[in-house]
Protein chains: 2
Amino acid sequence: MVKHTPGGYNGKILRIDLTTTKISVEIPDEGFYRKHLGGAGFIFHFLQREMDQGADPLGPNNKLIFALGPLTGIPLSGSGRNCVGAKSPLTNGITKSEAGEFWGAELKRAGYDAIIVEGKAEKPVYIWIHDGEAYIRDATHLWGKNTKETQQEIRSELGDRLIRVALIGPAGENLVRFACIMHGLYDAAGRGGLGAVMGSKNLKAIAVRGHSIQRIADREPIKALRHWLAANMHLVKVFHEFGTGDAMSAFETVGNLPVRNFRDGLFPTVSKIDARTIRNSIRIGMDACFACTVRCKKMVQVKEPYSVDPSYGGPEYETLASLGSNCGVDNLEAIAKANELCGAYSLDTISTGSVISFAMECFENGLLKITDTDGVELRFGNATAMLRCIELITRREGIGNLLAEGTVKAALEIGSGANEFAVQVKGLEAGMHEPRLKLAHGLGFMVNPHGADHSCNLHDTMYEAPGEWRVKEAQHFGLSAPLPADEIGPDKVALFKFVHLRQLLMDSLLLCNFLPYNLEQVTDLLAAVTGWDTSAMELIRISERNITTARLFNIREGFTAADDQLPQRFFTPKTDGPLSDKPLDPVKFEHAKRNYYILMGWDENTGVPLPEKVAELGIF
Amino acid sequence: MVKHTPGGYNGKILRIDLTTTKISVEIPDEGFYRKHLGGAGFIFHFLQREMDQGADPLGPNNKLIFALGPLTGIPLSGSGRNCVGAKSPLTNGITKSEAGEFWGAELKRAGYDAIIVEGKAEKPVYIWIHDGEAYIRDATHLWGKNTKETQQEIRSELGDRLIRVALIGPAGENLVRFACIMHGLYDAAGRGGLGAVMGSKNLKAIAVRGHSIQRIADREPIKALRHWLAANMHLVKVFHEFGTGDAMSAFETVGNLPVRNFRDGLFPTVSKIDARTIRNSIRIGMDACFACTVRCKKMVQVKEPYSVDPSYGGPEYETLASLGSNCGVDNLEAIAKANELCGAYSLDTISTGSVISFAMECFENGLLKITDTDGVELRFGNATAMLRCIELITRREGIGNLLAEGTVKAALEIGSGANEFAVQVKGLEAGMHEPRLKLAHGLGFMVNPHGADHSCNLHDTMYEAPGEWRVKEAQHFGLSAPLPADEIGPDKVALFKFVHLRQLLMDSLLLCNFLPYNLEQVTDLLAAVTGWDTSAMELIRISERNITTARLFNIREGFTAADDQLPQRFFTPKTDGPLSDKPLDPVKFEHAKRNYYILMGWDENTGVPLPEKVAELGIF
């Protein structure tokens with residue numbers, strides 16, 4: 001059972017050293033919980049505070065942290081999320097990524113708010129957490145298996161089909177630097193190579209099951225918000241009907257859709273792969289994360305020409321773009337198959353698609369020869385080659401062993417200017433929205449501590465017609481919104497700063513960004529759960545502390561302002577389409593970066609947080 | 001009647017050019033009101049936006065602004081306040097000061113939120129505002145008269161004894177640089193020489209009377225807060241029982257009481273002049289500002305040895321210290337008389353007492369001779385000399401003409417190191433709390449845009465046992481409180497920044513700082529009045545904008561970081577008492593200043609707001 005201090009809100013953190021097999025429980029006080037909240041807040045704090053400089057991301061000194069937030073597992077749509085973080089094997093900096101599903105809610109019921117995994121097991125193991133008890137169990141028999149088999153076997157051997165499992169497939173085991181951690185079979189903590197960190201620790205899975213009732217100070221406001229959402233389902237209608245990816249044709253029209261490694265603009269067959277087409281073709285249903293009425297997750301089934309197991313769900317927008325248009329592929333069945341393989345092997349679909357599109361461009365430009373690719377014609381649009389690559393990457397065979405290192409390392413190996421085709425920041429392959437269209441999105445790619453994460457996609461506020469409440473939130477931060485997408489002046493930087501802080505807040509509380517709750521509702525929700533008399537001001541300050549904490553981690557690892565740099569691709573115009581005359585202006589982005597540093601209280605030239613700001617934020 | 005945009009909250013601003021006698025009405029939209037709120041927010045905005053660089057504070061190009069806040073005049077204790085501002089003849093920078101009484105509430109009922117007075121009348125005039133109509137009326141017959149006579153005559157000639165009057169006496173007319181603007185006979189917009197600005201415009205008074213009903217979006221929360229206060233009157237018990245100045249003996253014990261121009265620590269006869277003694281001797285009652293149940297205003301009557309007219313109220317703490325212990329005077333009747341004279345003549349009691357104590361120290365050190373003072377023995381403790389000085393200053397006679405210029409100009413004239421005795425910042429004489437005891441208070445003196453204002457006294461939060469809600473507010477700003485008084489490290493600077501922002505918020509909303517409402521209650525109150533769905537975060541950002549706006553004004557006037565400088569006195573130990581071994585450390589204060597600049601987004605060396613911060617705050 002979760003133990004609280006009398007009258008207060010706190011909980012337990014599980015620390016597991018796989019080297020020594022020592023398992024311990026920490027019970028930070030309420031002040032700690034209020035200062036860091038959970039999720040990304042916990043992860044950044046622990047990594048910054050506890051890790052030594054220079055640790056090998058794939059060595060035993062890395063720490064892999066799973067952290068829930070105070071809102072994880074409450075009976076409300078959007079609460080089925082948890083955050084995972086570590087030092088990234090892709091960026092060598094701090095990273096974190098969120099997943100949906102039911103795992104987080106189950107861990108909360110098992111009595112924990114976070115798990116800190118340290119060290120490295122001698123042989124493959126999995127962790128089993130059951131109503132407050134934690135066990136390290138042998139996983140030798142599971143090693144090498146895909147995620148579906150692994151989940152089935154764990155449930156079977158523990159005798160409970162409602163066990164929730166966070167786990168890796170062969171890609172994680174083989175230390176593919178962009179392996180993800182699956183939560184169930186179709187929710188991934190995708191970005192930054194967390195699956196490789198898990199693999200490096202010989203940790204196959206964390207299985208959880210719990211029955212304790214979450215302590216909530218006041219359930220009434222949660223109920224009221226449920227009713228509010230029920231009455232306002234039109235706000236999430238698109239997600240409810242299509243999941244993500246309904247607007248791909250519109251994206252192509254305005255230039256937001258990445259095409260052929262972000263090189264081109266036009267993709268006339270886009271409608272073959274969008275979520276509207278999926279609904280009318282391969283879709284067999286929709287599924288949801290814990291407690292969620294939005295049900296945005298597509299279930300698909302394909303029999304010909306590929307057999308796609310419906311257990312792995314269907315492709316999200318980021319997948320449709322990265323393994324579709326960005327590889328020049330308009331074959332929906334192939335994308336669905338690729339999505340299934342990524343789920344089975346635990347590969348991040350974004351980085352996987354990006355690495356392949358990078359390789360395709362290298363191939364088309366003669367930097368990779370047919371002899372390098374074991375005979376695979378790695379050309380844009382070649383769906384078979386794409387699927388083949390996924391297999392090779394997972395097993396680190398042939399060209400796959402090179403690509404498994406991620407675009408930056410692969411480009412370095414290939415040489416001859418291949419780095420011009422590496423569309424990444426800090427080593428993390430870019431998410432599937434176009435910075436040449438939405439400039440603040442580019443700034444997000446640039447300065448985000450873990451690289452060009454798709455979660456930097458701030459277009460709702462910056463670009464598309466914003467909801468009234470987003471205008472209101474900006475006003476509360478003293479800003480005007482909306483602003484045009486195609487500028488990156490001081491007003492936009494200020495708005496970006498706020499939206500970025502807000503986003504990180506959601507990743508600390510843990511609440512899904514697809515839900516239309518405004519900051520006031522979120523604050524009230526936190527108050528209802530914890531009993532804290534808190535405010536939006538306090539919560540945004542916590543995010544400010546968190547981003548600066550992440551910055552301090554990266555600086556300790558040797559990052560400088562030069563690492564906040566967009567790839568050359570975005571300073572080049574697209575070959576066709578509406579942005580064919582709109583490369584980004586590097587001078588403007590240097591100004592924007594400096595501007596952002598100033599607003600964050602970081603040195604305007606070096607980006608190092610000023611000690612005065614660090615003190616104000618109470619980081620120690 | 002106040003005109004609102006449909007469904008929105010806004011109001012009218014009256015602009016009066018005394019040179020041309022043009023009277024106009026401006027109706028800014030709701031967005032303007034929400035951005036600037038009112039009070040100090042309006043004043044800083046208009047002065048920064050409209051005034052030319054280098055205007056003579058006592059010339060026609062200065063603008064004198066009276067501004068209410070959205071909370072002025074609501075039916076709640078603490079709402080009877082308004083703010084007045086201009087370019088200061090003492091500092092040559094921006095200044096503002098607040099007053100209580102009923103004038104603000106009456107102006108609101110007359111239909112205006114602010115009055116901007118420009119130009120200079122050819123001959124003495126007063127302004128009469130009556131239910132939305134404004135008139136410029138002859139005041140030749142009032143010129144030279146004290147405030148009581150003036151108020152009586154205006155009420156009499158306009159035929160309404162409920163008219164409220166903001167006005168000056170002879171000190172304002174004679175351009176004494178620290179003349180104040182009285183609101184009625186015992187509430188002053190005291191600091192910065194606003195009375196001299198009024199005098200320089202040949203403006204004797206602004207009389208107001210109104211009958212319109214203030215539009216309030218929702219009266220229920222106001223009613224609820226009234227009930228809350230009624231149930232929590234113990235929080236203001238001391239003010240209710242004694243007014244200000246009950247703790248003077250305790251102040252002397254810990255070293256907080258200024259004694260003999262901040263030179264000494266001990267003042268053994270302090271209990272002769274404190275508010276507890278006043279209650280048991282010369283006090284004949286208590287009075288209140290508009291709507292206020294606290295009733296903190298002492299009414300006193302003295303017959304011997306001086307006749308003190310009870311119409312002018314009794315001395316507040318700042319007066320008891322500045323014209324009492326800081327002049328070495330422990331004669332309560334003399335202080336009461338001095339207070340009466342300052343009210344009658346419209347002199348700021350703080351600067352008046354400070355100028356006199358400065359002169360006393362000069363005299364005792366031989367920098368002023370008996371020949372300079374027309375035979376007045378200007379020694380510490382000489383109550384008669386003090387009273388004489390007030391007369392001389394008001395009429396600018398003899399030594400009074402020198403002292404009427406304020407300590408900085410007087411010291412310059414006297415020379416021979418007299419500036420060591422000028423206890424001021426930027427030209428404004430220091431308020432009556434000891435920075436050598438409360439270091440953040442010293443930082444406030446140092447960086448406050450209008451100098452060493454007594455409203456920088458932040459000891460409640462910084463030093464004395466803080467109320468639980470103050471700790472909570474600090475937590476919402478991500479800070480810990482309380483902190484010890486005797487340090488000025490980064491944590492303290494961060495806390496100071498927040499408390500200073502909060503204070504300025506009260507001066508923009510207009511709510512009395514003596515009331516125990518917390519930031520959450522204040523936010524709810526503003527929402528109730530305006531119908532805005534606002535937040536503490538938005539309000540604190542507005543204060544951030546306001547302070548930076550004031551900074552920009554001062555920089556345009558040539559201020560530099562060197563003007564954010566404490567006087568030498570505070571870097572010298574007291575001669576006796578508990579702080580006789582505790583001078584301030586100038587190095588620490590230079591660090592604190594730089595630290596504060598950084599947290600404000602100003603250049604760390606020059607203190608100039610960075611353009612990026614200015615853009616974020618939306619100042620234009």
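Which side chain meets that of B:Lys497 in a salt bridge? I started my notebook there: the partner is A:Glu616, at 3.1 Å from N to O. I counted a salt bridge where a side-chain nitrogen of Lys or Arg is within 4 Å of a carboxyl oxygen of Asp or Glu.

**Ground rules**

I am working on a predicted model, where local features need pLDDT of at least 70 and side-chain atom pairs count only at pLDDT 80 or more, while totals for chains, interfaces and linings use all residues.

**Entry 1: the interface**

I looked up the salt bridges across the interface of chain A and chain B, and the rule finds 6. I then noted 18 residue pairs in polar contact between the two chains, both residues at pLDDT 80 or more. For me a polar contact is a pair of N or O atoms within 3.5 Å; within protein, one must be able to donate a hydrogen and the other to accept it, and residues adjacent in sequence count only if both atoms are side-chain atoms.

Next I asked which elements give two or more residues to the side of chain A that touches chain B. I found helix 19 (468-476), helix 20 (490-509), helix 21 (519-530), helix 22 (536-556), helix 23 (586-600) and helix 24 (611-617) of chain A. Helices (H or I, at least four residues) and strands (E, at least two) are DSSP runs, numbered from the N terminus. Helix 22 of chain A gives the largest share, 6 residues. By class I have 13 nonpolar, 6 polar and 13 charged residues on this side. Here Ala, Val, Leu, Ile, Met, Phe, Trp, Tyr, Cys and Pro are nonpolar, Asp, Glu, Lys and Arg charged, and the others, Gly among them, polar.

I also checked the contacts (heavy atoms within 4.5 Å): 32 residues of chain A touch 32 of chain B. The buried area is about 2900 Å², with 55% from carbon and sulfur atoms; that is the accessible area (1.4 Å probe) that two parts lose on being put together, summed over both. In chain A, A:His476, A:Met537 and A:Glu612 lose the most area to chain B, together 26% of what that side buries.

**Entry 2: a cis peptide**

I found a cis peptide bond joining A:Glu304 and A:Pro305, with omega about -10°. A:Pro305 sits in the loop between strand 14 (297-300) and helix 11 (317-322) of chain A.

Key:
Residues are numbered from 1 along each chain as its sequence is written. Chains are lettered from A and ligands numbered from 1 in the order in which they are written. Side-chain values use heavy atoms; hydrogens and water are left out.
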